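Work through the exercises below with the sequence and the structure at hand. Each task is followed by a solution in steps.

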Amino acid sequence: EVRGLYMIFFGIISNKKDFNIIKLEIEKSIKDASIILIDKENIENLQNIKFEALIINSEINLDNKSIVFLQKICKNLKYLIVNTDKNTYVNILNNDRICIITYGLNHKCTVTASSIKEENIMIALQREIIDRYGHLMIIGEKRVKPIENLDVYGTMTIFIIKLLYLKNMQI
């Protein structure tokens, strides 16, 4: 299978287990996607990659020097996707050009899980967002199947990326 000339780089701050599952699911669905785990060991080497989106799925355990590198990475982002149940870092990474999408289990998030059952999860888009093709994604709910060994936050991460990057994804 030949990948396109234009790779879409996603940076993710997450635990290793969730990262591996999310990477597999996204790269299976979005052919030109490349998902890169960001941690304090490699962040300095990643500052020249033009990430289109940064996903913060877990707490950021970075020192001040690494936070500066993270802010540099954020300068060119289209989307900052943040699990606000585990993070309060949105304010230091914010700039006017980034579309910030929050997710978590609270009613203030852009995306939340309105119902969690063993056989399915109802994921709700609570604010309109624009996907990468310029289409307006309207408020609504979608039933998704849980992914084995992945928690609800990881499932919401995958949902958001697919919503933004798959052409025919509808709520």
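This is a predicted model: local features need pLDDT of at least 70, side-chain atom pairs count only at pLDDT 80 or more; totals for chains, interfaces and linings use all residues.

**Exercise 1.** Determine whether Phe10 is buried or exposed, and list its contacts beyond four places in sequence.

Solution. Start with the location: Phe10 lies in strand E1 (residues 8-13). Next, take the accessibility: buried means under 20% relative accessible area. Phe10 has 0% relative accessibility and therefore counts as buried. Then list the contacts, leaving aside neighbours within four places in sequence: Ile26, Ala33, Ser34, Ile35, Ile36, Phe51, Ala53, Ile55, Ile161 and Tyr165.

**Exercise 2.** Find which residues of helix H2 are buried, and explain why they lie on the same side of H2.

Solution. Helix H2 spans residues 64-74, and its buried residues are Ser66, Ile67, Phe69, Leu70, Ile73 and Cys74. These residues cover an arc of only 160° around the axis, so they fall on the same side of H2. Finally, look at the face turned away from the buried side of H2: the exposed residues Asn64 and Lys65 are found there.

**Exercise 3.** Describe the largest nonpolar core and the contacts of Ile81.

Solution. The largest nonpolar core contains 38 residues, and Phe10, Ile26, Ile81, Val111 and Tyr165 have the most contacts inside it. Helix H4 (residues 152-165) supplies the largest share of this core, 10 residues. Now take Ile81: apart from neighbours within four places in sequence, Ile81 is in contact with Ala53, Leu54, Ile55, Ile56, Ile101, Tyr103, Ile160, Ile161 and Leu164. A second, separate core has 20 residues, including Ile43, Leu46, Leu54 and Ile98.

Definitions and conventions: Residues are numbered from 1 along each chain as its sequence is written. Side-chain values use heavy atoms; hydrogens and water are left out. Buried means under 20% relative accessible area, exposed over 50%, partly exposed in between (1.4 Å probe, protein chains only). Helices (H or I, at least four residues) and strands (E, at least two) are DSSP runs, numbered from the N terminus. The arc is that of the directions from the helix axis to the C-beta atoms. A nonpolar core is a set of buried Ala, Val, Leu, Ile, Met, Phe, Trp, Tyr and Cys residues joined through side-chain atoms within 4.5 Å. Contact means heavy atoms within 4.5 Å.
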